[in-house]
Amino acid sequence: MCGRYAASRSAGELAGLFGVEKRDPAEELAPDWNVAPTKQVYAVLDRPLKDSGDPRPVRQLRTLRWGLVPSWAKSPDVGVKMINARAETVHEKPSYRRPFTARRCLLPADGYYEWVTGTAERQEEEKGRRKRPRKQPYFVTPADGSVMAMAGLYEFWRDRTLPEDHPRAWWTTCTVITTEAQSEPFAGADGDGPRSLADIHPRMPLVLTPDRWDAWLDPARTDAEDVRGLLVPPPAGAMRAYPVRGEVSNVRNNGPELLEELDAPEAGTLF
């Protein structure tokens, strides 16, 4: 799954990396090393400019709320439960099938966090002790230091309790598409820790390589089977993972120190 990630690159840097033609300086976000659901996040999308009269899709950097709210939802509260969409079923689920063929985006990140239960804590669980297990966070990031472009969907929701011209009358929300975690060894894997993403968690964000960005964002691609063909994870060995501080588990903690690599896990590992 993807329940937390880091996104520290500036709007200007992202604009250059993704060939963005339009961005609003008023929507620029501060670096965020602990992005959690319901936060505002950057998204890259291709869409005609509003009220321009020009139907040509324009590459834009937009600020969206993480947690997709379907257009037909009665309340935006459902978005908290819709931060991820499974690649295997995204084309058929009522909440996702329309944006899957019409409103796709890329969600830039430095990488994402995933947690593994420590050995000692797991042993306590097996003895029947009900204390909450301590988990070791890992940071998963491209091995070459490049931007991670997670496949996403976005949707519009109208708050009918507000007038049309109210600044909060329309919500634009998004979700991250996830897929089965890769079982092949990731970059830098050794015998002292998890050797693959599947060893850490059975799911992972669907990360798209640059050669698929334009096709994924192209709003002219509306055939579900055609779009499903783009849901291919990056090559084996393209990602690396390393243990980071437990402070990342508290969303109130935020800073570049959260990405510092530890020499050894704080809570032990399952390996």
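Mentor: Happy to! One term before we start: two strands count as a pair if DSSP finds at least two bridges between them. Also keep in mind that this is a predicted model.

Trainee: How many residues of β4 are buried?

Mentor: Six of its eight residues are buried, so β4 is mostly covered.

Trainee: And what holds paired strands together in general?

Mentor: Strands of a sheet pair through backbone hydrogen bonds, either parallel or antiparallel.

Trainee: Let's zoom out. How many helices and strands are in the chain?

Mentor: The chain has six helices and 13 strands. Its radius of gyration is 19 Å, close to the 18 Å that the globule rule gives for 271 residues, so the chain is as compact as a globular protein of that length. Along the principal axes, the C-alpha atoms fill a box of roughly 65 × 40 × 35 Å.

Trainee: What share of the residues is buried?

Mentor: Buried residues make up 49% of the 271. There is also a number for contacts: among those between residues at least 6 apart in sequence, 70% join residues at least 24 apart.

Trainee: Now the sheets. In what order do the strands of the five-stranded open sheet come?

Mentor: The order is β3-β1-β8-β9-β13, with antiparallel pairing. The edges are β3 (32-35) and β13 (239-243), each of which pairs on one side only. From one strand to the next, the twist averages 30°.

Trainee: Can we look at one pair in there? How many bridges link β1 and β8?

Mentor: Two bridges, in the antiparallel sense, between β1 (residues 5-7) and β8 (residues 111-117). In that pairing, A6 stands opposite G111 of β8.

Trainee: Switching topic: how many aromatic pairs does a search of the whole structure find?

Mentor: It finds eight. Take F100 and W216: their ring centres are 6.2 Å apart and their planes are at 65°, so this pair is edge-to-face. F100 belongs to helix α2 (residues 97-102) and W216 to helix α5 (residues 213-217), so the pair ties together parts that are 116 residues apart in sequence.

Trainee: Are those two buried or exposed?

Mentor: Both F100 and W216 are buried. Another pair is F139 with Y242, whose ring centres lie 5.9 Å apart with planes at 65°, so that one is edge-to-face too. F139 sits in strand β9 (residues 135-142) and Y242 in strand β13, so this pair ties together parts 103 residues apart in sequence.

Trainee: What are the accessibility values for F139 and Y242?

Mentor: F139 has a relative accessible area of 2% and is buried. Y242, at 7% relative accessibility, counts as buried as well. Ring pairs also link Y113, W115, F139 and Y242 into a cluster.

Trainee: Which ring does the charged end of R104 sit over?

Mentor: The ring of W216, at 5.6 Å from its centre. In a second case, R168 lies over the face of W171, 4.5 Å from the ring centre.

Trainee: Last one: what is the phi of T38?

Mentor: It is near 80°, a positive value in a residue other than glycine. For background, most residues other than glycine have a negative phi. T38 lies in the loop between β3 and β4 (40-47), and it is partly exposed, with a relative accessible area of 32%.

Trainee: Thanks, that helps a lot!

Key: Residues numbered from 1 in each chain as written. Predicted model: local features only at pLDDT ≥ 70, side-chain atom pairs only at ≥ 80, totals over all residues. Heavy atoms only, no water. Helix = DSSP H or I, 4+ residues; strand = E, 2+ residues; numbered from the N terminus. Axes fitted to C-alpha atoms, helices over the stretch in contact; angles between N-to-C directions. Phe/Tyr/Trp six-rings, centres within 6.5 Å; stacked < 30°, edge-to-face > 60°. Buried < 20%, exposed > 50% of the residue type's maximum accessible area, 1.4 Å probe, protein only. Lys NZ or Arg CZ within 6 Å of the ring centre and 35° of its normal. Rg over C-alpha atoms; globule rule 2.2 N^0.38 Å. Contact = heavy atoms within 4.5 Å.
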